[in-house]
Amino acid sequence: MVEEAAQEVFLKAFTQLASYEGRGSMEGWLTKIATNTCLNMVRGAKRRPEQTAADLTENENEWLDEKLSSVANAQHRSAERDLIAADLADRVLGVLSPEDRLALTMIDGDDATIKEVAEVTGWSESKVKVRAFRARRKVREAMEKLIGVKKQQEVDLRTAGD
Amino acid sequence: MNNSHIIDILDNAALAELTETQLASVRNHVDACPSCAESYHAAVLTSQVMHARVAVQVEPSPFFATTVLARIREQQPDNLPAMLRLWRSARYLVSSMALATAALAVLSFVVPGPAVGSSEPATTAYSAESVILGDEDELSYEQVLSTIYPEVEEAKEK
């Protein structure tokens, strides 16, 4: 999907090159095209229902276990673990609308400022703030729910073992 | 500090954006409040997975550029008449062929060749038959003269 999006961005940049008036930077112009393209693609994709621990893959379960049992440390960090974390992020972000998802990914993931997001998306700064706030809350609640279910599963397993 | 306040701080900005004062107050509260501790833990995990999501780099496939160029070609306007499209694709071949033909024609007319079709009278020409049969030895003196100087012969006849 990433490569598909990149192709689309290059194609749009080529066909819309005449519309670039040279007022802003070329990078900014390309970022706008990329943002709109990705937003449209996410809009086109089906939104995921809220995730539960049962929906997670074995790797994602393991990653959460490590984090929850505080075993995770520097030696557990690897590219593979990061990929699992990224998959988990996709799952959690799936509960958001494409717009909220974009705002949160740019601000919390990419460390973009509210102003930068506003410039790229064309939304007002207050709208970006509201979207990010709402998205952060939803995602945190979804993660909390996952953690709660995981903990409950552990308790159940221990009880069954006794 | 009540629970809702901590949660507002957590949701209001990314964890990395929180000031030292805000972080200190969150940690102090979390130590005493298990409910907020869970929220804080979830926020920390969310922040980690978000950064991991953004850090993922995808290498393009080896055919990426080819695919993009092919798609660009597909998108270009294709409303030209068939003859014009044919001409565009074959124009270099056709023009080079025309040039070669013209060059050959010029060479044929300009470069001098052996003289053909001279204005010698038919009577003075030696036929192939006479050469093969060796009749030339029997030519009379007058015939040889008339062959060499046809104008003298014509003047005599007049």
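This is a predicted model: local features need pLDDT of at least 70, side-chain atom pairs count only at pLDDT 80 or more; totals for chains, interfaces and linings use all residues.
1. A:Asp111 sits in the loop that runs between α5 and α6 of chain A. Its phi is near 60 degrees, which is a positive value in a residue other than glycine.

2. Turning to the chains as a whole, the secondary structure of chain A comes to seven helices and zero strands, and from the N terminus on its elements run α-α-α-α-α-α-α. Chain A has 162 residues, of which 24% count as buried. Among the contacts in chain A with a separation of 6 or more, 74% are accounted for by residues 24 or more positions apart.

3. Residues 24 or more positions apart account for 55% of the contacts in chain B with a separation of 6 or more.

4. A:Leu17 is found in the loop between α1 (2-15) and α2 (26-44) of chain A, and it counts as exposed because it has 9 C-beta neighbours inside 10 Å. A:Leu17 and A:Trp29 are 12 residues apart along the chain, and their C-alpha atoms are separated by 9.9 Å. A:Leu146, by contrast, has its place in helix α7 of chain A, and with 25 C-beta neighbours inside 10 Å it counts as buried, since the cut-off for that class is 20 or more. Between A:Leu146 and A:Leu56 there are 90 residues in sequence, while the distance in space is 9.4 Å from C-alpha to C-alpha.

5. Where the two chains meet, the contact takes 31 residues from chain A and 31 residues from chain B. On the side of chain B that touches chain A, the elements that give two or more residues are α1 (3-12), α3 and α4 (64-75) of chain B. Of these, α3(B) gives the most, with 16 residues. By residue class, that side of chain B divides into 17 nonpolar, 10 polar and four charged residues.

6. One crossing of helices between the chains deserves a separate look. The axes of helix α7 (residues 125-161) of chain A and helix α3 (residues 34-55) of chain B come within 8 Å and cross at roughly 110 degrees, so α7(A) is roughly perpendicular to α3(B). From α7(A) the contact is made by A:Val139, A:Arg140, A:Met143, A:Glu144 and A:Ile147, and from α3(B) by B:Glu38, B:Ser39, B:His41, B:Ala42, B:Ala43, B:Leu45 and B:Thr46. Taken together, the residues of this contact divide into six nonpolar, three polar and three charged.

7. What is in the largest nonpolar core, and which of its residues touch the most other members? The core has 37 residues, and those touching the most other members are A:Ala89, A:Val92, A:Ala103, A:Val139 and B:Val49. At least two residues of this core are supplied by each of α3 (58-68), α4 (79-93), α5 (98-109), α6 (114-121) and α7 of chain A, together with α1 and α3 of chain B. Of the elements, α3(B) gives the most to the core, with eight residues. In soluble globular proteins, nonpolar side chains tend to be buried together.

8. B:Val49 shows in detail how the chains come into contact. Not counting residues up to four places away in sequence, B:Val49 touches A:Ala85, A:Leu88, A:Ala89 and A:Val92. Two of these partners, A:Ala89 and A:Val92, are listed with B:Val49 itself among the residues that touch the most other members of the core.

9. Even so, α4(B) is one of the elements giving two or more residues to the side of chain B that touches chain A.

Conventions
Residues are numbered from 1 along each chain as its sequence is written. Chains are lettered from A and ligands numbered from 1 in the order in which they are written. Axes are lines fitted to C-alpha atoms, for helices over the stretch in contact, and angles run from 0 to 180 degrees between N-to-C directions. Helices (H or I, at least four residues) and strands (E, at least two) are DSSP runs, numbered from the N terminus. Angles under 35 degrees count as roughly parallel, over 145 as roughly antiparallel, 65 to 115 as roughly perpendicular and the rest as oblique. Two residues are in contact if their C-beta atoms, placed from the backbone, lie within 7 Å. Ala, Val, Leu, Ile, Met, Phe, Trp, Tyr, Cys and Pro count as nonpolar, Asp, Glu, Lys and Arg as charged, and the others, Gly among them, as polar. A nonpolar core is a set of buried Ala, Val, Leu, Ile, Met, Phe, Trp, Tyr and Cys residues joined through C-beta atoms within 7 Å. A residue is buried if 20 or more other C-beta atoms lie within 10 Å of its own, exposed if 12 or fewer, and partly exposed in between; C-beta atoms are placed from the backbone.
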